[in-house]
Amino acid sequence: MTEPAKSGRGVNFAAAATGRCPICGKGKLFKSFLKVAGQCSNCGTDFKAADTGDGPVVFVILIAGFATCFGMLYAFLNYNWPGWVHLVVWPLVACALSLGLMQPLKGLMVASQLKNRVRDR
Ligand SMILES: [Zn+2]
């Protein structure tokens, strides 16, 4: 029988989505754009145990891919844009959405790992 997940300590998902420590809400979660800091500069929470790997990328692909494809299809059916406009606009939209979603989703996944006490074994 597996041990039930303990969620005793509070985890602030809004702080994690904005790049701050999910435990104290003050320290920095990232040391660069996508590099998670080793520990919180304010409360010392160890972030190394909450390695997300490629997890956030899956959600970025699904969300940005759906939004881009929906927008492209909608524009194609409702506006008479020339083909080259579609070829310029939608790759830029996909890149902007991917870059914009990457850090918040990675922060949310680190917070989720901390809340569920995930450890490498
Ligand atoms: Zn902290």
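Met109 is buried in the predicted model, since 21 other C-beta atoms lie within 10 Å (a residue counts as buried if 20 or more other C-beta atoms, placed from the backbone, lie within 10 Å of its own). Met109 belongs to helix α3, helices being DSSP runs of H or I of at least four residues, numbered from the N terminus. Leaving aside residues up to four places away in sequence, Met109 touches Thr52, Gly55 and Pro56, where contact requires C-beta atoms placed from the backbone to lie within 7 Å. The C-alpha atoms of Met109 and Thr52 are separated by 6.5 Å, although the two residues stand 57 residues apart along the chain.

The model is predicted, and local features need pLDDT of at least 70, while side-chain atom pairs count only at pLDDT 80 or more and totals for chains, interfaces and linings use all residues. Residues are numbered from 1 along each chain as its sequence is written.

Helix α2 (residues 55-78) packs with helix α3 (residues 83-115) at an angle of about 150°, their axes lying 8 Å apart; axes are lines fitted to C-alpha atoms over the stretch in contact, and angles run from 0 to 180 degrees between N-to-C directions. This angle makes α2 roughly antiparallel to α3, a description applied to angles over 145 degrees. Residues of α2 including Phe59, Ile63 and Ala67 meet a set in α3 that includes Trp90, Leu97 and Leu101. The buried residues of α2 are Pro56, Ala64 and Thr68, and the buried residues of this helix pack against α3.

Definitions and conventions:
Helix = DSSP H or I, 4+ residues; strand = E, 2+ residues; numbered from the N terminus. Parallel < 35°, antiparallel > 145°, perpendicular 65-115°, else oblique. Contact = placed C-beta atoms within 7 Å. Buried ≥ 20, exposed ≤ 12 C-beta atoms within 10 Å, placed from the backbone.
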